[in-house]
Amino acid sequence: MCGIVGYIGTRDCVELLLSGLESLEYRGYDSAGIAVLDDNGISIRKEKGRLSGLREILESRPLHGNIGIGHTRWATHGVPSAKNSHPHTNQDGTIAVVHNGIIENHEALKKFLIEKGYNFVSETDTEVIPNLIDYYYEGDLLTAVRKAAKKLDGSYAIGVIAAAEPDRIIAVRKDSPLIVGLTDDGNFIASDIPAILSETRDVYLLNDGEFVTLKKDSVAICDIDENPISKEIYRVQFSAQASQKEGYDHFMLKEIHEQPQAIRNTLRGRIDKDLNIVLDNIEFSDDIKKIFIVACGTAYHAGLVGKKAIETLAKIPCEVCLASEFRYGEPLINKDTAVLVVSQSGETADTLAVLRMAKKLGNKVYAITNVVGSSVAREADYVFYTYAGPEIAVASTKAYTTQLVAFYLFAIYFAEKRKTVPNHVLSDLKNQLLKMDEVAEKILEKAPEIREIAKSLADEHDIYFLGRGLDYIVAMEASLKLKEISYIHSDAYASGELKHGPIALIDDGTVVISICTNPDISNKLSSNVKEVLARGAKTIGFTSCMSDTAAYGDIVELPQIDPLLAPLPAIIPLQMLAYYVCTEKGFDVDKPRNLAKSVTVE
Ligand code: F6R
């Protein structure tokens, strides 16, 4: 996730680019930069950190011009640094590029270009683009960009300027968003509407494979073979402010809805066309006898699902530990164990402390994290990134589901290596995983029905969640989501434990929400639900086992997929339930009281 913007017209472009980038900072904010073209050629200012840092640099070293491109970065390849920031240029600085997306074949392209005598200065995938354009440049920028695009695998929205053609910006998109904004005194490109909304509501919404030649008084769109494409102007209906959340009322809702894309991004390149699992450059020793999975909060719940998946498929014993407990315990770490930390932010103090402790004790540390360049990412021996994109709401949603994707990939990978499960079983799981984005999309359609249930829960003081096996973990995560944003007291119980104490809490009207995704144990769960029903509970079921539904008042139907994978789609309607209960109560969804997105103190 990054944001790009470009302007060509009669006005000075610098402030226009900066204010555009400000509106795109939600897409990433670990570095920012602009390139401006004037009579002296292309000048660049870029800096690690927030846009405010770039503004300061521009105050001391100003730029002026009528044509420029800008970028705010959420690092994927290469740590956040001035060197890795965009815009990137060819070697002599005559072609500058901003890019959002990932060039999957950048290694091969880099090798090709190095053989042709090109040098690279950054660790990014993007830097191949200006050099490839340079390689193909023979006096026409559009042709060179088209030729370069033919060689690029992956996703991209690109804006390009060249000193030799100071009257145009060339742009193209594939699997990354890009729009064109039209005004009387110039034209824009941008990753998203918010970037240009203060200037215009008239836009072209570009499709994949469309190339744009943006001039100060014209916009021409064509396909890869330069066939012209005509487009209707789209008039934006919403305000600049609302659009910062892309039309969603809250970041949490937006992030819930981003899950299909986040799942796709996390899977991309990790299961190849022959169904082989590609775990980046992560190496696991065959001698690992036990994995300690260590995390906090929601990431801990992801670890619990991970344990079940790894133990079920790969038969490697796992112990899931709260980082805050693990660091003060006496964990039996030795040369046969591995420590796997899970952290969305990569900055959680306790998780980081465990990472350091394990390294000190000589263990290899693996990390699942969402933030490139975070402390966890920098210090772990091996890192698996969830490409969920920036998660802004405090309550974690898309980071969690992508952590589950990571664990499923690990579990299947280990099982394949250790030959613990027949291949056809693993292939089936992989195929189901590849369709998980569609499953998530479908379940999001249940929002209206969940909203109705949420309305009936807003005045409750206590809500209990029940489940067995993996469904118990879903119940734990659902309970955390609900309590952290709605402030309703909530607990989750393994349904078999009810009679050992918690059933004493059940009274007339007590709300009990049950999760059931495993047909093999559904009758056990429904017996427990009937027990609470008999004691006056108001029962709600989130279930894919529709054979025994008599015990539930309200029912939300879950998709029927392999029970091992079921926790992933099952949590989505429960995230929505927490969200709608919170909005019903009128609380601050994105910034719940007493909480912060990243817990950097003990
Ligand atoms: C709950 C939530 C927290 C985090 C926890 C760990 O919705 O977001 O429980 O999961 O603070 O944070 P990370 O994953 O950044 O280490």
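This is a predicted model: local features need pLDDT of at least 70, side-chain atom pairs count only at pLDDT 80 or more; totals for chains, interfaces and linings use all residues.
Local features need pLDDT of at least 70 and side-chain atom pairs count only at pLDDT 80 or more, while totals for chains, interfaces and linings use all residues. Residues are numbered from 1 along each chain as its sequence is written, and side-chain values use heavy atoms, with hydrogens and water left out.

Trainee: How far apart are the end C-alpha atoms of helix α11?

Mentor: Helices are DSSP runs (H or I, at least four residues), numbered from the N terminus. The expected span is 1.5 Å times one less than the number of residues. For the twelve residues of α11 (residues 349-360) that gives 16 Å, and the end C-alpha atoms agree, being 16 Å apart.

Trainee: Is α11 largely enclosed or largely open?

Mentor: Buried means under 20% relative accessible area (1.4 Å probe, protein chains only). Because nine of the twelve residues of α11 are buried, the helix is largely enclosed by the rest of the structure.

Trainee: Which helix gives the most to the shell around the ligand?

Mentor: Two helices, α9 (297-314) and α17 (470-486), each supply at least two shell residues. The largest contribution, three residues, comes from α9.

Note on methods: Buried means under 20% relative accessible area, exposed over 50%, partly exposed in between (1.4 Å probe, protein chains only).
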